[in-house]
Amino acid sequence: MIQRKQTVFLLLALIVTLVCLCLPVGKFVPQTMGVDMPMYNLWLVDGNGGHDFSVWPTFAILLITCPLALAAIFLYKNRKLQAKFCVLNILLLIGWYLLYIFNVKTVGDAQNASFHVAFAACLPLISLILHVMALRGIRADEALIKSMDRIR
């Protein structure tokens with residue numbers, strides 16, 4: 001059924017991911033005089049107001065997780081595929097953090113700036129936790145169905 005608890009977890013994970021796509025995930029503060037450079041998932045805003053798209057892969061990873069989470073919501077009749085989509089999203093979100101750390105390190109070294117993490121950087125972690133909770137719910141439903149088949 002679509003009213004299962006994993007559906008709620010997947011929907012919340014989708015909403016949290018969409019919010020993270022829109023908010024800045026941190027900012028670079030130069031060591032010398034200069035203007036702070038906010039980092040979004042898609043771009044860096046430099047001191048002149050221009051956009052540097054060198055961090056776009058973080059946006060792409062989160063953008064891929066959104067339709068997968070949405071598809072997983074409506075795959076409630078195919079629990080095995082729904083579980084695979086959850087595992088794929090978990091792996092993509094772990095990859096997002098690895099890429100996030102890589103971008104912070106490379107851009108921070110290139111700009112000679114320190115980095116301050118914003119609140120939105122923890123939203124993929126919340127999404128990851130929600131995907132794990134949904135996966136546990138899917139596996140519990142699968143175990144329940146298997147136990148029902150054994151009784152017959």
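Guide: Let us begin with one residue of this predicted model, Met39, which, once its neighbours within four places in sequence are left aside, is in contact with Pro24, Val25, Gly26, Lys27, Phe28, Leu44, Val55, Tyr100, Asn103, Val104 and Phe115. Met39 belongs to the largest nonpolar core, a set of 41 residues, and is listed with Val25, Phe28, Leu44 and Tyr100 among those with the most contacts inside it. Two or more residues of this core come from each of helix H1 (5–22), strand E2 (37–39), helix H2 (56–74), helix H3 (79–111), strand E5 (113–117) and helix H4 (123–151), and H3 gives the most, with ten residues.

Two of these contributors, H1 and H2, also meet each other: their axes come within 9 Å and cross at roughly 155 degrees, and because angles over 145 degrees count as roughly antiparallel, H1 is described as roughly antiparallel to H2. The crossing of H1 and H2 is left-handed. On the H1 side the meeting residues include Leu10, Leu14 and Leu18, while on the H2 side they include Phe59, Leu62 and Ile73. Sorted by kind, the residues of the contact of H1 with H2 are 14 nonpolar, three polar and no charged.

Finally, between H3 and E5 there is a loop that holds Asn112, a residue with a positive phi of about 55 degrees although it is not a glycine. Asn112 counts as partly exposed, because its relative accessibility is 49%.

Key. Residues are numbered from 1 along each chain as its sequence is written. This is a predicted model: local features need pLDDT of at least 70, side-chain atom pairs count only at pLDDT 80 or more; totals for chains, interfaces and linings use all residues. Side-chain values use heavy atoms; hydrogens and water are left out. A nonpolar core is a set of buried Ala, Val, Leu, Ile, Met, Phe, Trp, Tyr and Cys residues joined through side-chain atoms within 4.5 Å. Buried means under 20% relative accessible area, exposed over 50%, partly exposed in between (1.4 Å probe, protein chains only). Helices (H or I, at least four residues) and strands (E, at least two) are DSSP runs, numbered from the N terminus. Contact means heavy atoms within 4.5 Å. Axes are lines fitted to C-alpha atoms, for helices over the stretch in contact, and angles run from 0 to 180 degrees between N-to-C directions. Angles under 35 degrees count as roughly parallel, over 145 as roughly antiparallel, 65 to 115 as roughly perpendicular and the rest as oblique. A crossing is left-handed if the near helix is turned anticlockwise from the far one by less than a right angle, and right-handed if clockwise. Ala, Val, Leu, Ile, Met, Phe, Trp, Tyr, Cys and Pro count as nonpolar, Asp, Glu, Lys and Arg as charged, and the others, Gly among them, as polar.
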